[in-house]
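Here is a short tour for a reader new to this chain. Keep the sequence and the 3D view open while reading.

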Amino acid sequence: MASKESPSRTEIQEAIKKQGEIVRKLKLEEQTDEVKNKGTRDYAPKQMAVREKAFKAIIGCFERHGAEQIDTPVFEMKETLTGKYGEDSKLIYDLADQGGELLSMRYDLTVSL
């Protein structure tokens with residue numbers, strides 16, 4: 001029976017280096033895709049199934065420990081939010097609706113870039 005030689009340390013290091021380059025390339029492509037797709041995200045049916053399963057598990061755990069769900073608005077009238085957040089109002093993202101009224105997204109629901 002012929003024995004297969006173990007890879008040398010140098011061969012292992014080269015393989016690790018190659019794999020690292022592949023991972024870096026994939027991460028860079030992912031970041032580039034994120035920059036290109038600045039809009040909202042659509043989830044395919046398979047992705048939704050995974051999300052739903054994860055949310056059910058998380059919600060179930062919270063409910064077992066007495067938590068209750070709330071649903072807060074994503075945006076409100078600007079004056080409502082500035083009254084609620086005070087000094088943190090500079091963290092509010094402003095939007096104008098078609099009628100010209102100033103709306104704002106809650107800063108705790110937005111991501112800083």
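## Strand pairing

Start with the strands. E1 and strand E3 (residues 102–105) pair in the antiparallel sense, over three bridges. Met 77 has Leu 103 in E3 as its bridge partner. Phe 75 stands opposite Met 105, also in E3.

E2 joins E3 as well. Four bridges link E2 and E3, and these strands run antiparallel. Leu 95 stands opposite Leu 103 in E3. Tyr 93 stands opposite Met 105 in E3. E2 and E3 form a hairpin with five residues between the strands. In this hairpin, Gly 100 takes a positive phi near 90 degrees.

## The sheet as a whole

In what order do the three strands lie in the open sheet? The order is E1-E3-E2, and the pairing is antiparallel. The edge strands are strand E1 (75–77) and strand E2 (93–96), each of which pairs on one side only. Neighbouring strands of this sheet are turned by 35 degrees against each other on average, with direction ignored.

In a regular strand, side chains alternate between the two faces of the sheet.

## Overall layout and confidence

This is a predicted model. The chain has three helices and three strands. Read along the sequence, the pattern is α-α-β-α-β-β.

How confident is the predictor? The chain averages a pLDDT of 78, and 74% of the residues score at least 70. Confidence is highest in H2, at a mean of 93. Confidence is lowest in helix H3 (residues 78–85), at a mean of 74.

## Helix H2 and what follows

Helix H2 covers residues 45–64, which makes 20 residues.

Just after H2 comes Gly 66, with a positive phi of about 90 degrees.

## Ring contacts

Which ring lies under the charged end of Arg 51? The ring is that of Tyr 43. The charged end of Arg 51 sits over this ring, 4.1 Å from its centre. As for pairs between aromatic rings, the count comes to zero.

How much of the chain is buried? Buried residues make up 9% of the 113 residues in the chain.

Is Leu 103 buried or exposed? Leu 103 has 13% relative accessibility, and buried means under 20%, so Leu 103 counts as buried. Leu 103 also ties the strands together in this account: Met 77 is its bridge partner, and Leu 95 stands opposite it.

Where does Thr 80 lie relative to Leu 103? These residues are 23 residues apart along the chain. Their C-alpha atoms are separated by 9.3 Å.

Key:
Residues are numbered from 1 along each chain as its sequence is written. This is a predicted model: local features need pLDDT of at least 70, side-chain atom pairs count only at pLDDT 80 or more; totals for chains, interfaces and linings use all residues. Side-chain values use heavy atoms; hydrogens and water are left out. Rings of Phe, Tyr and Trp (its six-membered ring) pair if their centres lie within 6.5 Å; planes under 30 degrees apart count as stacked, over 60 as edge-to-face and the rest as tilted. A charge sits over a ring if NZ of Lys or CZ of Arg is within 6 Å of the ring centre and within 35 degrees of the ring normal. Helices (H or I, at least four residues) and strands (E, at least two) are DSSP runs, numbered from the N terminus. The expected span of a helix is 1.5 Å times one less than its number of residues. Two strands pair if DSSP finds at least two bridges between them. Axes are lines fitted to C-alpha atoms, for helices over the stretch in contact, and angles run from 0 to 180 degrees between N-to-C directions. pLDDT is the predictor's confidence in each residue, from 0 to 100. Buried means under 20% relative accessible area, exposed over 50%, partly exposed in between (1.4 Å probe, protein chains only).
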